[in-house]
Amino acid sequence: MITQWVDKYLLHVLNLYCASATLLYLCSEVATYEAIVSGLILLLLWEAIAVRLTSKTRNEEDERDHKVNEDNVSSLAEQHGSTRCADDEVQVGVDWSKEVAIYRNGACVYADGSLAPILPGLCTGIVPHEYLISCKGNYEKARKMYAATQEWRTSEKINIIHTLPHPHYYNILKNYPCFLHGYTKIGNPITWELAGKMNAQELFAEGRDLVMHRAYSFYLEFIFNDLCSRPEILSRRKDTPPFSGKMFACILDLEGFNPFHLTMKVVKYCVRVSRINESHYPMSGQQGIFINAPNWLVNSFALLTHLVPENNKDSIIFFSSSNMEGLKEIIDEDQIPKRYGGTSPYDFDQHPYMQEFYRVVDRANANPPSLSE
């Protein structure tokens with residue numbers, strides 16, 4: 001969840017940013033030019049090692065994820081019907097590639113109840129505009145990218161993820177508090193994440209990597225399948241077409257955060273989640289807003305802003321604890337929790353969006369599918 005806004009351009013910036021942040025932290029904000037250069041060189045070696053380790057285990061992780069999903073949910077296709085893609089055999093005179101998917105009973109389906117390999121509001125035969133932009137206008141490349149997303153959603157059971165039990169979710173929220181609360185002025189649902197309260201050791205204990213990746217998809221699918229279709233969200237999106245509208249904003253509260261939160265397992269998780277966003281949810285993370293950012297973090301990021309592409313600079317915003325009023329330029333006051341100077345009547349876990357998310361989790365855990373042997 002912490003990298004919902006990270007794309008292929010920002011992944012290397014994230015590592016460079018962590019390097020300079022660590023350096024300034026250890027130097028207690030009194031760093032010489034030579035110390036900065038030396039620290040960056042040493043920590044860039046750490047980056048290379050991290051990427052090397054991630055790529056080395058990528059295939060094994062993908063194969064493990066696929067095997068677990070197949071073992072756990074093989075009967076769900078029988079319950080909902082098989083997934084229908086654009087290339088499937090179709091009834092004479094019926095063009096299924098133009099049929100729009102809907103979200104019903106925790107699954108992405110078509111009107112007849114068969115599973116859809118796409119997000120609600122989309123169809124298999126029309127490539128979403130986000131894919132075209134991601135592929136720089138190359139239609140054939142965008143079409144293949146969209147087809148790969150459909151295959152991924154089917155093979156990994158993403159289109160029925162809200163029907164699958166997730167008994168660890170409340171423990172994950174305990175060790176990485178994140179909440180859905182309100183929306184921005186342009187209609188993007190907001191996820192608020194308390195990065196400084198992350199317990200990385202508990203989150204990524206032995207054997208829990210797969211749980212974390214599934215939790216990320218579970219959370220993101222709720223935003224796109226449910227929140228993005230709500231009237232109060234749609235009414236704010238005056239210029240959404242030709243985009244699909246599957247977008248959100250992420251606010252990270254950095255109070256209590258320090259570089260030691262970024263363990264190797266956290267970095268590996270970030271890399272893998274970034275690949276998911278880049279490949280299957282292009283342009284979905286509209287803004288990454290950092291609040292209560294300590295001075296050493298703001299200063300270290302400022303050293304590297306020239307590395308961020310111009311079209312991405314507006315999507316990364318820092319607010320220190322003494323400059324929280326800037327939030328009101330992006331979010332209406334009644335959508336900001338009172339703890340951050342807003343007037344929302346809800347605390348984090350009491351907001352209707354979060355209450356509905358809890359119900360989705362509880363339904364999935366209370367009604368697990370009948371697993372085949």
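This is a predicted model: local features need pLDDT of at least 70, side-chain atom pairs count only at pLDDT 80 or more; totals for chains, interfaces and linings use all residues.
1. Rings of Phe, Tyr and Trp (for Trp, the six-membered ring) are taken to pair if their centres lie within 6.5 Å. By that rule, Tyr169, Phe218, Tyr219, Phe222 and Phe357 form one aromatic cluster.

2. Overall make-up. The protein chain contains 13 helices and 7 strands. It has 373 residues, of which 52% count as buried. Its accessible surface amounts to about 17,600 Å², and carbon and sulfur atoms hold 54% of that.

3. Aromatic pairs. The whole structure gives 16 aromatic pairs. In one of them, Phe222 and Phe357, the ring centres are 5.3 Å apart and the planes stand at 65°. Planes over 60 degrees apart count as edge-to-face, so this pair is edge-to-face.

4. Helix α13. This helix covers residues 352-366. The buried residues of α13 are Tyr353, Met354, Glu356, Phe357, Tyr358, Val360, Val361 and Ala364. The elements that cover them include α6 (169-175), β3, α8 (209-225) and α9 (231-234).

5. Glu356, one of the buried residues of the helix, forms a salt bridge with Arg359, with the closest N and O atoms 2.9 Å apart. The two are 3 residues apart in helix α13, so about one helical turn separates them. Glu356 has a relative accessible area of 16%, and because buried means under 20%, it counts as buried. Arg359 is partly exposed, at 41%.

6. With 3% relative accessibility, Ser217 counts as buried. Which residues does Ser217 touch, not counting those up to four places away in sequence? Ile158 and Ile161 are touched by Ser217.

7. Strands β3 and β4. Strand β3 takes in residues 178-183 and is mostly covered, with 6 of its 6 residues buried. It is joined by 4 bridges to strand β4 (residues 189-193), and the two run antiparallel. Within this pairing, Phe179 has Trp192 in β4 as its bridge partner. The two strands form a hairpin with 5 residues between them. In the turn, Gly187 has a positive phi of about 85°. Strand β3 is also among the elements covering the buried residues of α13.

8. Other salt bridges. Side chains of opposite charge can pair when their charged atoms come close. The structure holds 9 salt bridges. One of them joins the side chains of Arg143 and Glu140, at 2.7 Å from N to O. Both residues lie in helix α5 (residues 139-155), 3 residues apart, about one turn of the helix. Arg143 has a relative accessible area of 35% and is partly exposed; Glu140, at 36%, counts as partly exposed too.

9. A salt bridge between loops. Arg236 forms a salt bridge with Asp332, and the closest N and O atoms are 2.7 Å apart. This pair links distant parts of the chain, 96 residues apart: Arg236 is in the loop between α9 and β5 (248-253), and Asp332 is in the loop between β7 (316-319) and α13. Arg236 is partly exposed, with a relative accessible area of 27%. Asp332, at 21%, is partly exposed.

Conventions:
Residues are numbered from 1 along each chain as its sequence is written. Side-chain values use heavy atoms; hydrogens and water are left out. Buried means under 20% relative accessible area, exposed over 50%, partly exposed in between (1.4 Å probe, protein chains only). Accessible areas come from the Shrake-Rupley method with a 1.4 Å probe; for residues, only the protein chains shown count as cover. Two strands pair if DSSP finds at least two bridges between them. The expected span of a helix is 1.5 Å times one less than its number of residues. Contact means heavy atoms within 4.5 Å. Rings of Phe, Tyr and Trp (its six-membered ring) pair if their centres lie within 6.5 Å; planes under 30 degrees apart count as stacked, over 60 as edge-to-face and the rest as tilted. A salt bridge is a side-chain nitrogen of Lys or Arg within 4 Å of a carboxyl oxygen of Asp or Glu.
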